[in-house]
Amino acid sequence: MSGSARVGRGKTIVENLEINDPWSELSLPFYIMSYDNVLAFSDFISRVKIDAEIADSKLDFKTLGYFAPALENNGLKVALAGKVSGYVDDFHIENIRFSSADGGFSGSISGNMKGLPEIEDTKIDAKVKGLNFTTKGLSLFLSHWTQDEDIDFSRFAKGIIFMTDAQSKGKLNDLDIKAGIISLSGRLNADINIGNIVDPDQAITIKGTAETENLNIGKIIGNDLLGPVSLRTGMQAVLGKPASFRIDSLFVDRLYFNDYDYTGLMATGSLSE
């Protein structure tokens, strides 16, 4: 750790702060701690306010394990830059730009996080903009959170980049997400709940509704007989062992199959390993 510091009037101001540990390299042009008195440091998480600008940095989630032990085995690595303000247990992030070290996703995020270090009870209210990802990147992201290396969607949508704006709200084990996802293969709108993201004893669950607009399913799954599909459906999925997927109240406005357009279809069904 290195930097130039000034102390006085309830503030500690550090310029050009460099923080390195075995996993991360953080560069902060300025880092300010505000507090009523030195006794506040005995309850640093709740009583010391932090304002910081993060320049181009590398963050390994193992570093965050110091504040949230549930993350110490999370192998996610990202490059990031942006601004942070607030207390460790109640902070705001502004236009944090991030990209995966694996190259599978990138975007920016703004919002609030409240409840650390109890990661299971931490509440999030955030907006993600300009998120670009591939199915390989999505697989790696989920595997870091679940410690399950068998999650692999990369055989689908090879070479396709998906772009989305999304809003998330709730606890990490009960997170509501609304997202509009577009690609050269069409559009998908989703209103879902993701459960058990940070619960090591439970499989991740996904439930909610989805709607597609001329989404080329055939291109995504690699089947030339299928083409654009426009549909609305409810769904439930369990990303466990075994995994399962169920659709409910499926309404198909358009399904291109084997050179013919089908309309007005309805179905329910399930798939499991």
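1. Which backbone nitrogen does the side chain of serine 24 reach? The side chain of serine 24 reaches that of aspartate 60, at 2.8 Å. For a polar contact, two N or O atoms must lie within 3.5 Å; within protein, one must be able to donate a hydrogen and the other to accept it, and residues adjacent in sequence count only if both atoms are side-chain atoms.

2. A word on the model. It is predicted, so local features need pLDDT of at least 70 and side-chain atom pairs count only at pLDDT 80 or more, while totals for chains, interfaces and linings use all residues. Residues are numbered from 1 along each chain as its sequence is written, and side-chain values use heavy atoms, with hydrogens and water left out.

3. Confidence next. pLDDT is the predictor's confidence in each residue, from 0 to 100. The chain mean is 88, and 96% of residues reach 70 or more. Strand S9 (residues 162-171) scores highest, at 95, and strand S16 (residues 265-272) lowest, at a mean of 73. Strands are DSSP runs of E, at least two residues; helices are runs of H or I, at least four; both are numbered from the N terminus. Where pLDDT is low, the coordinates should not be read in detail.

4. Back to serine 24. It sits in the loop between strand S2 (11-20) and strand S3 (25-34). Serine 24 is buried, at 2% relative accessible area. Buried means under 20%, exposed over 50%, partly exposed in between (1.4 Å probe, protein chains only). Beyond its neighbours within four places in sequence, serine 24 is in contact (heavy atoms within 4.5 Å) with Ile19, Lys58, Leu59, Asp60 and Thr63.

5. The largest nonpolar core has 55 residues. Such a core joins buried Ala, Val, Leu, Ile, Met, Phe, Trp, Tyr and Cys residues through side-chain atoms within 4.5 Å. Strand S8 (residues 123-133) gives the most to this core, with five residues. Among the residues with the most contacts inside the core are Tyr31, Phe105 and Trp145. A second, separate core of five residues includes Val229 and Leu231.

6. The whole structure holds six aromatic pairs. Rings of Phe, Tyr and Trp (its six-membered ring) pair if centres lie within 6.5 Å; planes under 30 degrees apart are stacked, over 60 edge-to-face, the rest tilted. Phenylalanine 105 and phenylalanine 141 pair edge-to-face, at 5.6 Å and 85 degrees. The former lies in strand S7 and the latter in helix H3, so the pair ties together parts 36 residues apart in sequence. Phenylalanine 105 is buried; phenylalanine 141 is partly exposed.
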